[in-house]
Amino acid sequence: MAMSAGTAGGVKASPNVTPMIDVMLVLLIIFMLVIPAITSGFQAVPPTGVNLKPHPEEDQDQVLGIDANGQYYLNKKAIPNAELGQRLNAIFENRTEDRLLYVKAHRDLAYGKVLDALDIAAHNHVSVTGMITDQRPGTVSAVSTDNMFNAPPTGGKK
């Protein structure tokens with residue numbers, strides 16, 4: 001069998017992907033910077049405490065945020081303060097269980113404004129409210145079961 005190497009000098013049509021890769025990398029960097037700001041919803045620094053059990057937010061959790069100016073955010077979306085009762089009523093009216101609302105307020109906010117929001121929630125089918133706080137920096141919960149998520153795995157010596 002004989003093989004011949006062709007020497008056809010035709011035009012090779014292959015796209016130059018370098019500019020496309022450059023654009024994609026720039027877009028990736030932009031989205032890495034912008035997305036955390038969009039998903040955070042509002043800026044509130046909650047009070048700190050000791051002996052706090054970590055509670056990751058779940059999709060079905062309803063969270064009312066209140067920023068330092070007293071603006072309400074329901075599930076990270078700004079809402080007019082006058083509509084809080086209507087929105088909570090629409091969410092919790094048909095629920096038979098799990099009428100729990102988490103409240104995350106800025107630590108410099110006057111407590112009276114937090115009480116106003118809790119009062120509105122209590123009059124609109126919210127049975128239980130929970131306050132979201134952060135663990136005081138440099139401290140660990142003294143309750144042994146609270147730290148089981150953060151504890152190193154136990155095992156034998158190697």
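Predicted model: local features only at pLDDT ≥ 70, side-chain atom pairs only at ≥ 80, totals over all residues.
Local features need pLDDT of at least 70 and side-chain atom pairs count only at pLDDT 80 or more, while totals for chains, interfaces and linings use all residues. Residues are numbered from 1 along each chain as its sequence is written, and side-chain values use heavy atoms, with hydrogens and water left out.

Visitor: What pattern does the chain follow along the sequence?
Guide: Helices (H or I, at least four residues) and strands (E, at least two) are DSSP runs, numbered from the N terminus. The chain has three helices and seven strands. Read along the sequence, their pattern is α-β-β-β-β-α-β-α-β-β.

Visitor: In what order do the strands of the open sheet lie?
Guide: Two strands count as paired if DSSP finds at least two bridges between them. Strand 2 pairs with strand 5 (residues 100-105) in the parallel sense over five bridges, and with strand 3 (residues 72-74) in the antiparallel sense over three bridges. Strand 4 (77-78) and strand 6 are the edge strands, each pairing on one side only. The open sheet has five strands with mixed pairing, in the order 4-3-2-5-6.

Visitor: Is strand 2 largely enclosed or exposed?
Guide: Buried means under 20% relative accessible area, exposed over 50%, and partly exposed in between (1.4 Å probe, protein chains only). Gln62, Leu64 and Ile66 point one way from strand 2, Val63 and Gly65 point the other way, and all are buried. Since five of the five residues of strand 2 (residues 62-66) are buried, the strand is largely enclosed.

Visitor: Which residue of strand 5 is the bridge partner of Ile66?
Guide: On the strand 3 side, Ile66 stands opposite Tyr72, and the bridge partner of Gly65 is Tyr73. In strand 5, the bridge partner of Ile66 is Ala105.

Visitor: Which residue takes a positive phi in the hairpin of strand 2 and strand 3?
Guide: This hairpin has five residues between the strands. The residue with a positive phi, near 90 degrees, is Gly70.

Visitor: With which side chain does the side chain of Gln62 make a polar contact?
Guide: Gln62, in strand 2, counts as buried at 9% relative accessibility. Leaving out residues up to four places away in sequence, Gln62 touches Asn75, Ile91, Phe92, Arg95, Leu100, Leu101 and Tyr102, where contact means heavy atoms within 4.5 Å. A polar contact is a pair of N or O atoms within 3.5 Å; within protein, one must be able to donate a hydrogen and the other to accept it, and residues adjacent in sequence count only if both atoms are side-chain atoms. At 2.7 Å, the partner of the Gln62 side chain is that of Asn75.

Visitor: Within what arc do the buried residues of helix 3 fall?
Guide: In helix 3 (residues 111-122), Val114, Ala117, Leu118 and Ala121 are buried. Seen down the helix axis, they line one face, because the arc, taken from the directions from the axis to the C-beta atoms, is within 100 degrees.

Visitor: Against which elements do the buried residues of helix 3 pack?
Guide: An α-helix has 3.6 residues a turn, so residues three or four places apart point the same way. The buried residues of helix 3 pack against strand 2, strand 3, helix 2, strand 5 and strand 6 (128-131).

Visitor: How far apart in space are Asp98 and Gln60?
Guide: Asp98 is found in the loop between helix 2 (84-92) and strand 5, and is partly exposed, with a relative accessible area of 43%. Asp98 and Gln60 are 38 residues apart in sequence, and their C-alpha to C-alpha distance is 9.5 Å.

Terms used: Expected span 1.5 Å × (residues − 1).
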